[in-house]
Amino acid sequence: MRPPRATVLLTTGLVTLLGIPSAAAADTPSTLYVNNSASAPRCSDTGPGSEDAPFCTISAGAKAAQPGQTVQVLAYKSYDETVTVDRSGEPGKPISIVVRPNTGGPIRVKGLNVRGASHVVVRGLTATGEVQVSGSTDIELDRITVASQTDPVVIGTGSVDVRLTRSNLLSPVRIEGGSRGTVLGRNQIRGGITAAVDAVWGPGTIVTNNTLYLSCDAAVSFRSGSTGSGAFNNLIYTSTPNSCVNPAPRSGILVGQDSTTGTRSDHNLLAGFPTDGVVPYKWADVVHATPAALRAATGQGAHDVLTANAWDVGPWDRSPNVDSGDSAAPGVLPTDYNGYPVVDDPLAPNTGKDGGFIDRGAHELQDTVRGVQLDIAQSWAPVGTAVQIKAVADNNWPGTLTYQYEFGDGTAPVVTNSATAEHVYQSPCACTVTVKAITAAGKEAYRQQPIKVTPASPLATAFTAQPYLPSGSDPNRLVTPLTVEVDPQSAAAPWPIARMTVDYGDGAKDTDGNADPVRHAYKQPGTYKVTVTLTDIKGATSTAERSVQVAYTPAGYVAVAPSRVLDTRTTGSPVQGGTSTPIDVPVHYYGSGPHHTAGASAVVLNVTVTGATEDTHLTVWPSGQTRPVTSNVNVKAGGTSSNTVTVPVGADGKISAQLNSGKAALIVDYVGHYQPNAGQRFTPLAPARVVDTRTAGGALAGGQARTVKVAGVGAIPADATAVAANLTGTGATENAHVIAYPDPAKRPATSNLNLEPGKDKSNQAIVPVGPDGTITLYTNTGSTHLVLDAVGYYAKDGKALFTPAVPQRLADTRTTGKLAPGATTTVTGIPGNAIGAALNVTATDTTGPGFLIVYGHGGTRPEASSLNTRPGETVPNHVTTPVADGRVTVWNSYGGANHVITDLFGYFTQG
């Protein structure tokens with residue numbers, strides 16, 4: 001059974017590391033600075049060596065240093081010098097030359113020469129050449145890297161008490177010239193032609209807890225009067241060098257005849273022994289092939305271990321070097337090569353001296369923590385509840401971690417060896433609990449988790465109900481129109497909610513297992529009573545209700561390349577009376593084609609009805625709503641008629657279309673859509689003529705396209721992205737169609753206006769602006785004159801946003817009397833804050849050819865027409881017009897009396 005850690009002390013034989021010295025006298029700065037980097041303040045070797053005026057070379061700092069001062073070295077490039085230290089500190093007040101931690105890379109020098117000095121610490125340098133200590137006393141070389149494989153580290157000329165620790169040496173260490181009391185601890189050292197550690201007249205040399213790589217000679221060699229020396233807790237690897245001058249067998253540990261007196265060796269591990277040409281021990285010129293043979297002959301090596309396979313040995317679990325050393329051996333350090341502490345591996349038996357657990361070699365095996373999970377039993381609880389917290393760490397060693405719990409309420413962290421903690425919160429908070437799992441080496445993993453601490457009050461339901469709209473930063477995400485988000489986060493809930501039931505007031509309900517916000521898409525605007533019932537985990541129940549107004553949200557216009565979304569001539573499924581036809585309307589385009597994936601609230605279409613079996617009209621409305629009494633397209637038997645339609649999108653992303661009677665083919669072209677937090681704003685204009693081929697350019701011939709300037713013309717600004725215009729064809733020689741489109745190089749397979757010889761026909765179009773502020777007009781056959789009257793434009797700096805409306809009839813003169821020639825009628829029912837409206841205006845029972853003009857009430861009547869009337873026909877047209885005081889005026893020309901029907905599909909408000 002492993003003894004408690006407290007019973008195994010790492011005090012006997014410890015070498016005291018001086019570390020950073022205490023501050024010098026008050027009149028002398030404690031730290032001098034060396035910094036040769038280009039980004040540092042200008043350096044000078046004749047300056048004060050302050051942080052603002054550092055030395056350029058380390059040698060200059062060493063020459064200026066007084067006892068107790070630290071020379072701190074900073075840089076991101078090499079120092080082109082061999083550092084010489086020949087000044088001395090005092091007992092307890094050494095001169096320290098240290099590389100600043102986290103400098104960014106190794107501080108390289110050509111070499112290091114400490115001569116005739118005492119009480120000196122050098123830490124963190126990397127030497128590309130020789131490192132020598134001569135005639136010096138009380139010298140500590142720590143974390144030194146020697147990159148040269150040919151220049152040995154030499155401690156000589158009678159130096160005393162030199163300590164070489166936690167260093168990485170690619171060349172051997174030689175102790176010579178009567179130097180005594182040298183200690184080598186926790187180093188990685190590679191041998192060369194000579195021994196990795198070669199004491200030649202180096203009495204009292206102690207080699208403890210090093211990882212040594214045997215090459216041509218020995219791993220450790222004590223000879224030529226190196227009496228009173230010792231080798232303890234070392235990990236020795238054998239290797240096969242390319243070439244060696246010495247023909248004699250190589251040795252793991254070699255003690256010469258003249259160095260045996262007082263020399264000891266134990267708890268070393270020799271990995272890769274035996275092997276050809278290598279013997280474990282050579283003591284007083286006698287070879288010993290096993291630790292038992294060495295012990296029998298010398299009394300040494302009683303706890304040494306030989307392993308045949310070197311790759312089985314190292315700083316990992318179940319390696320024989322783990323927890324098997326002598327904690328009280330001379331030269332033992334409290335930390336290893338990496339600065340990690342001596343720790344007990346619970347997976348390895350403590351086979352070291354007196355049950356100790358120090359590892360052999362330079363490295364002390366440490367636990368590894370890869371992560372930690374955090375479990376809070378009451379992550380939502382009222383004040384005064386004892387909250388249970390459990391940490392589950394992913395590490396190698398059970399029971400060895402320290403845990404630090406922070407509760408996020410300002411109380412002091414709890415540090416414990418327990419994986420559980422309990423905390424009572426004294427006031428409500430939305431706090432964050434943090435747990436850290438920390439190894440003995442300071443490696444850590446952490447996890448955070450929120451906790452909701454509530455007032456200790458009864459459950460009381462409360463909620464908000466707000467429109468849920470598309471995001472301006474993610475406009476292509478599907479958000480259905482008339483979606484409302486119900487959020488119960490404002491409820492007073494002392495305990496977590498186990499069940500939430502939401503009655504939306506339209507027959508739909510939701511039940512959820514928590515109190516997260518929920519969303520519901522209503523089929524049509526209106527006022528609904530929403531009821532929310534909450535039940536917590538303790539069984540308490542509370543209900544709240546409120547009236548929620550559901551309405552369309554003002555939206556910007558998104559123009560797209562026109563595309564055909566339905567043509568029943570190819571599907572064989574005509575529209576007909578008594579049956580509605582659902583139509584999918586795409587509002588976003590991917591490489592695979594159009595898909596309804598955005599948050600459009602209304603779409604703009606060009607709808608054509610052809611081949612009707614009788615005189616009839618088509619109604620278009622949002623899917624899921626009741627068919628309104630409005631109409632959009634009127635067509636005679638056998639004829640073709642088209643109209644622009646603006647209509648809200650249903651909750652299922654569709655619209656519905658139905659004939660009043662008969663059958664007909666239906667063609668639907670998608671032009672654009674309105675979407676909250678996206679698109680451009682609209683500015684309505686009094687109708688203004690921008691194109692008239694009767695006065696400029698002549699008739700447009702069949703198969704020909706004509707590009708005309710619109711942006712920057714009249715009241716339309718140059719930065720307009722789309723124009724709304726009334727397109728009229730007159731003098732057509734054949735049945736034909738007209739297309740208005742933005743890019744003259746990309747004519748779509750859609751249409752905007754259907755022409756008949758001898759008839760003036762018009763249709764409103766919303767056309768994206770193409771290159772250089774133009775649009776292009778095309779007719780497929782015959783010839784025709786075209787008239788284009790602008791009624792508004794869309795731009796970033798436009799005035800108004802569009803609010804869709806459930807299609808509704810505003811006025812019908814068939815119930816009040818015909819509109820006489822030259823007379824006006826006022827249409828009311830548009831919201832009073834509207835500055836524009838999207839209407840469908842229909843003229844019927846016309847007694848003579850003429851036209852209608854629709855304009856804002858009280859305004860000046862424009863010259864441009866909104867609708868051409870024809871005797872014997874019912875003619876509809878989409879009209880976008882200014883509005884004043886919620887009213888528009890319709891003026892009839894002097895051609896003949898008309899009945900006028902006005903339907904509302906949406907309106908524009910300042911935004």
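The disulfide of Cys429 and Cys431 is left-handed, with -125° about its S-S bond. Its two sulfur atoms sit 2.0 Å from each other in this predicted model. Cys431 has a relative accessibility of 5%, and because buried means under 20%, Cys431 counts as buried.

How many disulfides does a search of the whole structure find? The search turns up two, so let us turn to Cys43 and Cys56, whose sulfur atoms are 2.1 Å apart. Here the link is right-handed, with 105° about the S-S bond. The pair connects distant parts of the chain, 13 residues apart, with both Cys43 and Cys56 in the loop that runs between strand E1 (31-35) and helix H1 (58-64).

Now follow the chain to a sheet. Four strands make up an open, antiparallel sheet, and if you walk across it you meet E47, E54, E51 and E52 in that order. Strand E47 (581-584) and strand E52 (633-635) are the edges, each pairing on one side only. From one strand to the next, the twist averages 25°.

Inside this sheet, take a look at strand E51 (residues 616-622) and strand E54 (residues 654-659), which pair in the antiparallel sense over five bridges. Which residue of E54 is the bridge partner of Leu618? You will find that it is Leu659.

Technical notes:
Residues numbered from 1 in each chain as written. Predicted model: local features only at pLDDT ≥ 70, side-chain atom pairs only at ≥ 80, totals over all residues. Heavy atoms only, no water. Disulfide = S-S within 2.5 Å. Helix = DSSP H or I, 4+ residues; strand = E, 2+ residues; numbered from the N terminus. Buried < 20%, exposed > 50% of the residue type's maximum accessible area, 1.4 Å probe, protein only. Pairing = 2+ DSSP bridges. Axes fitted to C-alpha atoms, helices over the stretch in contact; angles between N-to-C directions.
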